[in-house]
Amino acid sequence: MKLMKILVGLFLSIAASTSMAKESYPFIIPNTPGSASDLIGRSIANVYNRKTGNVLIIQNVSGGNHIPAAQRALSLNGPAVLMTTTLMMVLNTITQKNLPYSVSDFDHVGGIGYAPVVWLARSDSAYYNMKD
């Protein structure tokens, strides 16, 4: 519940900073409907919609390491919120030679969670820790 209050506060600050009183705008989730990210996004949208009277319109744009979702957010006229991960934004910048956008095309509004990244190796490999 505490996380939900933080998330609602985050979206309330977005609405206040962009003067979007009683309007609807896109909330782009770069994952398929029913995924964990989608369910989190829909929960945020439901609470936000009730608290503000505004409407976040979920748009699922999956695939392509979140690149199509980022392109969608930039192609829209007016405000939009893109829910993505730092990992995808950084990895795309490093691994994609002709990335169709720059990280600087976006403003970081805030974080909504934490997901650790782990390194795994096959159990029969010679790797047992990060030193190996």
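The model is predicted: local features need pLDDT of at least 70, side-chain atom pairs count only at pLDDT 80 or more, and totals for chains, interfaces and linings use all residues. Residues are numbered from 1 along each chain as its sequence is written, and side-chain values use heavy atoms, with hydrogens and water left out.

**Leu99 and its surroundings**

- Leu99 is buried, with a relative accessible area of 18%; buried means under 20% relative accessible area, exposed over 50%, and partly exposed in between, with a 1.4 Å probe and protein chains only.
- Leaving aside residues up to four places away in sequence, Leu99 touches Ile67, Asn92 and Thr93, where a contact means heavy atoms within 4.5 Å.
- Leu99 and Gln71 are 28 residues apart along the chain, and their C-alpha atoms are separated by 10.0 Å.

**The overall layout**

- The secondary structure comes to 4 helices and 3 strands; helices (H or I, at least four residues) and strands (E, at least two) are DSSP runs, numbered from the N terminus.
- Of the 132 residues in the protein, 30% are buried.
- Among contacts with a separation of 6 or more, 69% are between residues 24 or more positions apart.
- The protein exposes about 9,000 Å², and carbon and sulfur atoms supply 58% of it; accessible areas come from the Shrake-Rupley method with a 1.4 Å probe, and for residues only the protein chains shown count as cover.

**The sheet**

- The 3 strands form an open sheet in the order β2-β1-β3, with parallel pairing; two strands pair if DSSP finds at least two bridges between them.
- β2 (55-60) and β3 stand at the edges with a single partner strand each, so one side of each has no neighbour in the sheet.
- β1 and β3 pair in the parallel sense over 2 bridges, and Ile28 stands opposite Leu82 in β3.

**The nonpolar cores**

- A nonpolar core is a set of buried Ala, Val, Leu, Ile, Met, Phe, Trp, Tyr and Cys residues joined through side-chain atoms within 4.5 Å.
- The largest such core has 11 residues, including Ile28, Leu82, Met89, Leu99 and Tyr101.
- Helix α3 (residues 67-75) gives this core its largest share, 4 residues.
- A second, separate core has 8 residues, among them Ala45, Tyr48, Leu56 and Val81.
- Met89 touches Thr84, Tyr101, Val103 and Phe106, again not counting residues up to four places away in sequence.

- The buried residues of α3 are Ile67, Ala69, Ala70 and Ala73.
- They lie on the same side of α3, because they cover an arc of only 165° around the axis; the arc is that of the directions from the helix axis to the C-beta atoms.
- An α-helix has 3.6 residues a turn, so residues three or four places apart point the same way.
- These buried residues of α3 pack against β1, β3 (81-82) and α4 (86-95).
- Asn65 is found in the loop between β2 and α3, and its phi is near 55°, a positive value in a residue other than glycine.
- Asn65 counts as partly exposed, at 38% relative accessibility.
- His66 is found in the loop between β2 and α3, and its phi is near 75°, a positive value in a residue other than glycine.
- His66 is buried, with a relative accessible area of 11%.

**Aromatic pairs**

- Rings of Phe, Tyr and Trp (its six-membered ring) pair if their centres lie within 6.5 Å; planes under 30 degrees apart count as stacked, over 60 as edge-to-face and the rest as tilted.
- By this rule there are 2 aromatic pairs.
- Tyr25 and Tyr48 form an edge-to-face pair, 6.3 Å centre to centre with 80° between the planes.
- This pair links distant parts of the chain, 23 residues apart: Tyr25 is in strand β1 (residues 24-29) and Tyr48 in helix α2 (residues 36-52).
- Tyr25 is buried, with a relative accessible area of 2%, and Tyr48 is buried too, at 0%.
- Tyr101 and Phe106 form an edge-to-face pair, 5.8 Å centre to centre with 90° between the planes.
- Tyr101 is buried, with a relative accessible area of 6%.
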